[in-house]
Amino acid sequence: MTAGYRIEGIILFSKPLGEKDRVLTVLTPDRGLVRLSVRGGRSTGSRLAALALPFSRVRLDAWRGKSLDGLRGGEVLDAHRCLREDPGTIAHSFCIAEIVGRLAQEGEADRALYLLVVTAFRLLEVADPDLVMAFFLVRSTKVAGLFPLLDACRGCGGPIDGGFLSFEDGSISCPGCPPGPPPGHNMTAEMVSLARRLRDLHPRDVPDLSPSPGALVQLRNLLLDYLEYHLGRSVNSRRFLDILA
Ligand SMILES: [Zn+2]
């Protein structure tokens with residue numbers, strides 16, 4: 001037997017590799033992103049294919065390869081079947097996976113990001129997917145050190161009920177003060193207060209929130225624009241969020 005190792009993680013992507021195989025991208029708490037080939041992973045009857053389903057939480061045994069390591073075996077810890085099959089959540093699962101794939105790095109541990117994805121995928125099974133998406137976007141910007149400074153106006157330092165969010169420096173300004181550098185977007189009082197609540201609350205309280213659907217979608221779109229600005233590229237799967245909802 002060749003040398004190997006064991007990982008626990010969440011499968012973000014499972015893509016075809018040649019005629020018969022697949023390649024997995026797994027988010028782990030200790031090694032960041034790990035890529036593994038799955039021999040015979042494209043045939044539905046294969047034992048390894050059953051371990052290669054996107055959005056499931058798994059424990060995997062891997063062998064070391066020259067350019068790409070490979071899947072040897074393992075077990076599914078949390079199948080999260082409805083994240084792949086329920087039309088109301090599938091777009092949200094893909095969008096979260098795409099953003100995480102951009103934020104995480106190969107070989108760089110990020111336990112906070114891993115725990116956030118575990119939490120978001122669990123919440124998608126029980127809560128409004130748009131609410132979970134907004135929660136994920138708020139918390140992922142926080143984990144990445146990008147969350148906007150929403151507690152006080154950048155000009156006068158006064159309390160904020162709504163105002164202009166500058167994407168560049170993540171500051172907000174009240175209507176009476178000069179705005180921060182463009183680009184940016186206006187936030188209503190409801191969007192600001194919802195973003196603060198999602199930043200601070202315990203994840204178990206997320207399903208109990210009932211913001212207005214308008215503010216929720218506005219906040220989600222604003223945070224997607226904000227993240228795209230900081231990532232320097234677009235989040236392709238966001239266009240499916242409204243089509244499939
Ligand atoms: Zn001000």
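1. Buried here means under 20% relative accessible area, exposed means over 50%, and partly exposed lies in between (1.4 Å probe, protein chains only). At 0% relative accessibility, Phe 55 therefore counts as buried. The model is predicted: local features need pLDDT of at least 70, side-chain atom pairs count only at pLDDT 80 or more, and totals for chains, interfaces and linings use all residues. Residues are numbered from 1 along each chain as its sequence is written, and side-chain values use heavy atoms, with hydrogens and water left out.

2. Phe 55 sits in the loop between E3 and E4, where strands (E, at least two residues) and helices (H or I, at least four) are DSSP runs numbered from the N terminus. The phi of Phe 55 is near 75°, a positive value in a residue other than glycine. Pro 54 belongs to the loop between strand E3 (32-38) and strand E4 (57-63), and counts as buried because its relative accessibility is 18%. Leaving aside residues up to four places away in sequence, Pro 54 touches Ile 11, Leu 12, Ser 14 and Arg 84 (contact means heavy atoms within 4.5 Å).

3. Two further backbone points deserve a check. Most residues other than glycine have a negative phi, and most peptide bonds are trans. His 80, in the loop between strand E5 (69-78) and helix H1 (81-85), has a positive phi near 50°; at 4% relative accessibility it counts as buried. The peptide bond from Pro 182 to Pro 183 is cis, with omega near 0°, and Pro 183 lies in the loop between E7 and E8.

4. The zinc ion is coordinated by the SG atoms of Cys 153, Cys 156, Cys 174 and Cys 177, at 2.3 to 2.4 Å. Donors are N, O and S atoms within 2.8 Å of the metal (3.2 Å for Na, K and Ca); water is not among the atoms, so sites may look incomplete. The four donor atoms subtend angles of 106 to 115°, so the arrangement is tetrahedral (four donors with all angles between 85 and 135 degrees). Along the chain the donors follow the spacing C-x2-C-x17-C-x2-C.

5. Helix H5 (residues 189-200) packs against helix H6 (residues 213-231) at an angle of about 75°, with the axes 9 Å apart. Axes are lines fitted to C-alpha atoms, for helices over the stretch in contact, and angles run from 0 to 180 degrees between N-to-C directions. H5 is therefore roughly perpendicular to H6 (65 to 115 degrees).

Key. Tetrahedral: all angles 85-135°; square planar, octahedral: opposite > 155°, others 65-115°. Parallel < 35°, antiparallel > 145°, perpendicular 65-115°, else oblique.
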